[in-house]
Amino acid sequence: MRKPFFSIVIPTYNRAESLRFAIYCILRQSFRDFEIIVSDNCSTDNTSEIIKSIKDVRVRYFKNKTNVGSTGNVKKAIERGKGSYIFIHGDDDFILGKSTLNEVYLTIRKFHLGFIRLNYVARTPNKEKLFVYHGKNPYPRDRYLPMGADSNDVLSFILDSDSGFMTGIIFKNDLPSNATV
């Protein structure tokens, strides 16, 4: 298999229906050079049947034998990604714009980025309104880190944007095999 540009990794647990829509949104992207890694943390719902119903060779499914916890499942998903860049995606989150992956790809190429944290749109708790969420410290414009940035700068970048929300974290897939997440 040729190395894809993006490995879109989706850790999941018992969210089959939202996972189905998340994958649908990814598969309708105009940019096609990606794989989707679904790391199922031993779901008890119909997640495996949902994945089997998706007929696209870019979707790769792995089910853990036991529940390894949220962090362990994210780590397994990342380890399975073969792409040049890892794109962490929540199982209940959606890429709405059809050109989003292409725009991210072009941004990476233009600025030679090693890490990107995307902003996202969220729904109010009462589910009546959508709003743009920029993390706990909103940025007035896009913010980038160059390749080779100091690890403390990367950690600060992640924590400043919102460490509790993983969708939209994209990074160059060149972590050493003994790296810990």
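Reader: What makes β2, helix α2 and β3 a right-handed β-α-β unit?

Author: In this predicted model, β2, helix α2 (residues 47-53) and β3 make such a unit, and its crossover is right-handed. The term applies if, with the strands pointing away from the viewer, the path from the first strand over the helix to the second runs clockwise. Helices (H or I, at least four residues) and strands (E, at least two) are DSSP runs, numbered from the N terminus. Residues are numbered from 1 along each chain as its sequence is written. As the model is predicted, local features need pLDDT of at least 70 and side-chain atom pairs count only at pLDDT 80 or more, while totals for chains, interfaces and linings use all residues; side-chain values use heavy atoms, without hydrogens and water.

Reader: How do you know that strand β2 and strand β3 pair?

Author: Two strands pair if DSSP finds at least two bridges between them. Five bridges join β2 (residues 34-40) to β3 (residues 59-63), and the two strands run parallel. Within this pairing, Ile36 stands opposite Val59 in β3.

Reader: Why does the span of helix α1 agree with its number of residues?

Author: The expected span is 1.5 Å times one less than the number of residues. Helix α1 (residues 16-27) has twelve residues and should therefore span 16 Å; its end C-alpha atoms are 16 Å apart, which agrees.

Reader: Which residues of α1 are called buried, and what covers them?

Author: Buried means under 20% relative accessible area, exposed over 50%, and partly exposed in between (1.4 Å probe, protein chains only). In α1 the buried residues are Ala16, Leu19, Ala22, Ile23, Cys25, Ile26 and Leu27. Their cover includes β1 (6-12), β2, α2 and β3, where contact means heavy atoms within 4.5 Å.

Reader: What makes Arg20 and Glu17 a salt bridge?

Author: The term requires a side-chain nitrogen of Lys or Arg within 4 Å of a carboxyl oxygen of Asp or Glu. The closest N and O atoms of Arg20 and Glu17 are 3.2 Å apart, and the pair forms a salt bridge. Being three residues apart in helix α1, the two are separated by about one helical turn. Arg20 has a relative accessible area of 36%, so Arg20 is partly exposed.

Reader: How many salt bridges does the rule give, and what parts does the pair of Asp33 and Arg2 tie together?

Author: The count comes to six salt bridges. In one of them the side chains of Asp33 and Arg2 meet at 2.7 Å, N to O. Asp33 lies in the loop between α1 and β2 and Arg2 in the segment before β1, so the pair ties together parts that are 31 residues apart in sequence. Asp33, at 23%, is partly exposed, whereas Arg2, at 59%, is exposed.

Reader: Why is Arg58 called buried?

Author: Its relative accessibility is 14%, so Arg58 counts as buried. Arg58 also forms a salt bridge with Asp56, the closest N and O atoms being 2.8 Å apart. Elsewhere, salt bridges that share partners join Arg15, Asp91 and Asp92 into one network.

Reader: What makes the pair of Phe6 and Phe87 edge-to-face?

Author: Rings of Phe, Tyr and Trp (its six-membered ring) pair if their centres lie within 6.5 Å; planes under 30 degrees apart count as stacked, over 60 as edge-to-face and the rest as tilted. The structure holds nine aromatic pairs. The rings of Phe6 and Phe87 have centres 6.3 Å apart and planes at 80°, so this pair is edge-to-face. Phe6 lies in strand β1 and Phe87 in strand β4 (residues 85-88), so the pair ties together parts that are 81 residues apart in sequence. Phe6, at 0%, counts as buried, and so does Phe87, at 2%. Ring pairs link Phe5, Phe6, Phe31, Tyr85, Phe87 and Tyr105 into a cluster.

Reader: Why is His112 called exposed?

Author: With a relative accessible area of 53%, His112 is exposed. His112 lies in the loop between α4 (100-111) and β5 (113-117) and has a positive phi of about 55° although it is not a glycine.

Reader: Is Phe171 buried or exposed, and what does Phe171 touch?

Author: Phe171 has a relative accessible area of 13%, so Phe171 is buried. The residue is found in strand β9 (residues 169-172). Not counting residues up to four places away in sequence, Phe171 touches Ile78, Ser84, Tyr85, Ile86, Ile88, Gly114 and Phe115. The C-alpha atoms of Phe171 and Tyr85 are separated by 5.4 Å, with the two residues 86 apart along the chain.
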